[in-house]
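Dear colleague,

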Amino acid sequence: MDAQPILRIDNLSVRFRTRNGTVDALKGVSFSVAKGEVLGVVGESGSGKSVTAFTVTGLLDQAGEACAGTINFDGMELTKANEAELRELRGREFSMIFQNPRAALNPIRPVGKQIEDVLIQHAQATRQDAKAKAISMLEKVKIVEPYLRYWSYPFELSGGMCQRVMIAIALACEPRLLIADEPTTGLDVTTQKATMDLIRDLTREQHLSVVLITHDLGMAAAYCDRIVVMQKGEVVETAAVRDLFTAPKHPYTKKLIAASPGPSSKLDDLTAVLDDNTSHQPSMTRTINSGADTGHLLEVVDLVKEFPRRDVEMTGWAWPVKKREAQVFRAVDGISFVLKRGESLGLVGESGCGKSTTSSILTRLMDPTSGDVIFDGANVTSYSAQQFARLPQRMKIQMVFQDPSDSLNPRFTAQDSIAEPLKRLLKMKGSKQIDIKVEELAEKVGLEKALLSRFPHQLSGGQKARVGIARAIAADPLLLILDEPTSALDVSVQAVVLQLLDRLRCELGMSYIFVSHDLNVVRLLCERVIVMNRGRIVEDGLADEVLSNPKDDYTRQLVSAIPHFEPGKL
Amino acid sequence: MRTKLAQIGRRLLQALPSVIGIIVISFLLTRALPGDPAVYFAGAMADKESIEQVRKALGLDRSWVEQFFIYAGNLAKGDMGMSHNTGRPVAEELLTRLPASLELTLTGLGLAILIAVPLGMLAATRPGSWIDHLCRLLVTAGVSLPTFFTGLFLIYIFYYLLGWAPSPLGRLDILYMPPPHATGFYAIDSLLAGDMETFAATLRQLVLPAVTLCLFALAPIARMTRGAMLGALASDYVRTARANGLTRSKILFTYAFRNAALPVLTTLGMVFSFLLGANVLVEKVFSWPGIGSFAIEALVASDYAAVQGFVLSMALLFVAVNLIIDLVLTLIDPRVGLED
Amino acid sequence: MKRFLRHLRYVMSENPVTLAAFSLFLLIVIMALLGPAIAPYDPLATDAAKTLKPPGWQHPFGTDHLGRDVFSRVIVATRLDLGIALSAVFLSFFAGSALGCSAGFWGGWTDRIVGRISDTIMAFPLFVLAMGIVAALGNSVENIIYATALINLPFYARVSRAETYVRRNAGYVNAARLCGATDARILVTQLFPNILPPMMVQISLNMGWAILNAAGLSFIGLGVRPPDAEWGIMVAEGATYIVSGEWWLAMFPGAALMAAVFCFNLLGDGLRDLVDPQRRT
């Protein structure tokens with residue numbers, strides 16, 4: 001490594017003007033990036049990691065301004081540069097890729113043209129050879145049939161392909177620094193790995209420096225040389241990857257590392273270093289299959305769900321309009337499994353594998369095309385959804401929803417949301433009685449009483465998750481379906497919520513079906529997992545076994561794609 | 001290209017239900033009349049005999065379904081009935097007056113686009129500046145203006161007080177002869193005939209009513225342009241373009257404006273619909289001999305065939321405009337036809 | 001509620017225009033409620049001796065060709081204009097949101113039928129359609145209300161459909177289903193309160209348009225009959241005197257009309273800020 005860093009940030013402070021006065025987004029941030037180095041910037045939401053990147057590239061929106069500090073790019077002072085000078089640098093000297101790649105590309109311009117725009121802008125190509133160069137860039141990012149894809153619009157490409165195009169645009173002019181802002185968030189794990197591998201290979205080839213901004217410690221560990229940990233606008237720790245994971249110095253770093261689930265971590269470990277006020281009662285030991293003798297709670301037999309297929313591809317045009325053959329798409333393609341009483345089962349797969357459809361059918365929010373669901377001795381699929389709503393079994397299957405902000409009615413207070421099932425399912429009358437029960441439930445999920453009168457937008461993500469859980473357990477269900485309950489939460493909050501769910505299961509004797517894309521998280525909560533791909537079950541087994549010794553090809557791919565750190569292996 | 005043609009074909013087909021819907025509603029409107037339709041259709045002056053004649057001619061003694069097909073069949077032949085007010089076929093009356101209305105409406109719309117689109121763009125690129133405030137004021141004030149009031153106001157100022165404008169009576173001052181008929185648009189016809197004097201006179205008559213319509217159409221177009229541009233400029237793809245150092249003009253026109261143009265174009269359809277309504281009022285204020293004035297005369301005289309013909313032909317005109325807009329959208333937006 | 005009031009105060013103080021619009025709105029409401037009581041003269045009383053008097057102390061807005069006091073007529077007309085617009089807007093709000101909510105919630109055939117209905121209405125130039133309806137149903141004030149309601153229906157149906165559609169599978173809706181709530185119950189208790197704010201904005205913006213529409217219809221001689229005082233018809237009566245310089249006949253009612261519409265549009269914009277600070281225009 002050269003002695004002279006390519007980027008040095010010194011004591012950078014950024015302030016945002018808002019309605020309620022100014023907010024300090026960055027407070028004296030300093031770090032540097034050496035030539036050829038991959039630097040990870042890690043932190044939870046609101047830590048200021050993206051703001052740092054935008055300040056460096058001069059893309060901060062107008063409400064924000066850098067009020068102190070310097071940004072030195074290879075000897076050049078960026079805080080003093082004007083817009084025209086910065087424009088010259090952007091794309092040619094340093095470039096940036098973003099999350100949500102499909103939205104980040106111009107929707108009505110062919111992707112090849114978008115690469116050309118950058119090449120021509122920075123005089124890396126003339127109008128004559130721009131197209132050839134653009135195509136060779138597409139080839140470089142491993143897009144098949146680059147000649148055809150040159151004319152594709154973003155909506156015709158998958159998310160992973162769009163991110164490749166973004167990379168092609170960013171690297172077209174061979175910059176010296178690449179800033180990647182959560183480049184794989186929202187992509188499936190396997191796509192995630194392919195994308196990150198591509199970035200690593202290309203940047204190594206071009207001897208590029210990279211700043212990788214991510215919330216995922218595992219990913220930072222897998223791809224970075226050094227890591228900067230940020231919290232609330234400040235850098236709390238900077239260290240080489242190995243040092244950071246073997247000997248973290250700052251308590252926040254310790255907490256973050258502990259809360260990130262790895263392939264061998266235990267649920268109790270996640271909050272081992274958390275401040276004691278939210279501690280998890282460790283007395284509860286897991287009772288694996290203690291209720292095996294009581295038989296099956298749920299039996300799913302040959303479940304199929306078909307949706308009418310929408311033609312995405314235009315296949316010619318015939319006059320007069322021919323009635324298209326009824327094409328169907330099988331979202332769930334004949335799956336069968338059983339769930340024992342008190343058992344916790346993970347349902348794992350990438351987006352579109354049919355796991356969410358399955359959970360919707362199990363809760364009877366959706367009717368299956370064929371197949372049976374036998375719950376607690378009754379075939380619940382033999383009733384229509386309207387009939388089922390009046391059965392006693394209705395209250396025994398409840399659900400915790402994915403996005404906590406979308407799962408609570410914005411016009412209801414936390415109290416109202418939790419009271420809803422009490423009034424509707426348990427037919428409780430009298431506000432006094434309901435109030436007492438709601439408070440009891442709030443206490444169970446660790447929600448402070450004072451928060452009950454608040455509306456969802458006044459609650460944090462973790463608090464909203466707790467309200468959702470309280471609502472789900474209000475009617476004492478036997479089966480709780482958890483649909484990615486923690487995917488929208490920061491890792492440290494996720495850790496606490498996972499522990500809460502685990503404790504509630506032991507206390508209330510519920511069974512769980514945990515739907516998730518993250519094998520590591522599922523493993524923490526579930527004894528058994530089912531791996532789904534394209535509507536079918538590809539593997540079914542004990543969680544630890546599936547994770548450590550996957551038998552199916554797809555599972556193996558899935559397991560190996562999860563970025564993680566293992567202190568032992570570094 | 002094949003898929004584009006397929007999309008265009010599909011869009012043309014999609015217009016069919018609208019046309020059928022329009023004919024059905026227009027049929028229902030005639031039949032929903034309280035009382036005896038034959039009496040209404042025969043006009044205020046009709047005697048018993050001519051009422052019976054009308055009843056026969058319209059097939060009012062038959063079932064509704066039959067009546068509908070007779071009505072649709074007549075329409076297909078271009079027969080919209082007779083105007084009792086003027087004693088000529090409605091279709092003919094409308095056709096001879098259509099150019100006058102179109103000349104006025106299109107001039108107003110064209111003026112509005114020329115002013116509103118740049119204004120909206122300027123406002124969006126300089127949020128909080130004086131031009132932005134001006135734009136917001138114009139937009140809110142513009143949609144609040146009753147067109148008939150604006151027209152009268154302009155007449156009072158520019159004709160009565162300042163004397164700049166000619167008297168607000170029709171398309172051409174009585175001193176001039178209308179240009180030889182070619183397109184029916186006086187401005188174009190007089191140019192074709194090389195008669196600059198008539199051309200200037202035509203323009204003088206046209207300015208005030210066209211400005212009235214322009215003021216009315218300005219607001220929604222500027223509002224949409226500003227909103228769409230603001231949205232596009234705040235979008236992720238513009239951020240990407242900036243992150244890659246593209247120039248301001250490239251970002252503004254190739255990236256932001258082309259995307260913003262799509263919703264603006266869609267709005268134009270709606271604006272045109274409003275303009276066809278406003279046109280009626282403006283024609284009355286300026287005594288413009290177009291189909292709006294014709295319709296008002298027919299309304300006053302209870303000349304139903306004429307009113308129905310007017311409603312129907314305006315709707316068909318609007319469908320045609322929407323169709324053109326959608327076809328343009330299909331050509332410039334690759335995503336059209338793929339959603340839903 | 002307290003928070004809402006604070007937010008309201010914030011929006012008002014941030015945006016003095018909205019405050020002004022709100023004051024104007026109150027004035028209009030007072031004029032509509034107390035119209036005949038506060039008008040200085042009988043709006044229908046003619047006086048052959050005082051025709052076409054320009055504005056002065058005795059007659060602040062002057063007198064018309066029959067010697068009636070224009071000021072009194074403008075005030076008294078408020079009730080009729082506002083009444084027509086309000087009734088029409090509420091009719092289309094209730095019918096439109098019922099149709100739109102069902103279409104967005106159940107989808108399928110309901111959606112297709114509602115969509116087809118509103119598309120067919122929207123296929124007409126709306127003012128022209130209103131003319132046709134009034135012509136067909138008969139020339140009366142009620143029919144003006146029905147016509148205005150009908151041409152506004154698609155706007156409400158569309159907004160409520162879109163707002164319901166995006167929420168119909170929200171977590172809280174599914175949670176209510178898990179509590180055994182029926183579809184109707186979910187629509188009323190869970191969805192409707194959430195789509196109400198955008199609908200209120202629509203109502204406010206639509207009010208102005210409904211007033212304009214009704215006034216336009218009476219301007220061309222539909223609906224309101226003379227000698228009743230109504231802004232549109234007053235402008236129409238005054239139009240003939242503009243070219244000879246008697247401007248006050250048409251200008252004052254026209255200005256009143258414009259002010260009312262302007263006020264509702266400003267309120268709508270303010271309300272939009274109140275409801276959704278992100279979608280500021």
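A charge is taken to sit over a ring if NZ of Lys or CZ of Arg is within 6 Å of the ring centre and within 35 degrees of the ring normal. The model is predicted, so local features need pLDDT of at least 70 and side-chain atom pairs count only at pLDDT 80 or more, while totals for chains, interfaces and linings use all residues. Residues are numbered from 1 along each chain as its sequence is written, chains are lettered from A and ligands numbered from 1 in the order in which they are written, and side-chain values use heavy atoms, without hydrogens and water.

The charged end of R239(B) is placed over the ring of F98(A), 3.8 Å from its centre. K284(B) likewise lies over the face of F219(C), at 5.5 Å from the ring centre.

Rings of Phe, Tyr and Trp (its six-membered ring) pair if their centres lie within 6.5 Å; planes under 30 degrees apart count as stacked, over 60 as edge-to-face and the rest as tilted. By this rule there are 25 aromatic pairs over all chains. In one of them, F149(B) and F153(B), the centres are 6.2 Å apart and the planes lie at 35°, so the pair is tilted. F149(B) is buried (under 20% relative accessible area; exposed is over 50%, partly exposed in between; 1.4 Å probe, protein chains only), at 7%, whereas F153(B) is partly exposed at 39%.

W247(C) and W248(C) form an edge-to-face pair, 6.0 Å centre to centre with 85° between the planes. Both belong to one aromatic cluster, together with Y156(B), Y160(B), F61(C), F71(C) and F252(C).

Yours sincerely
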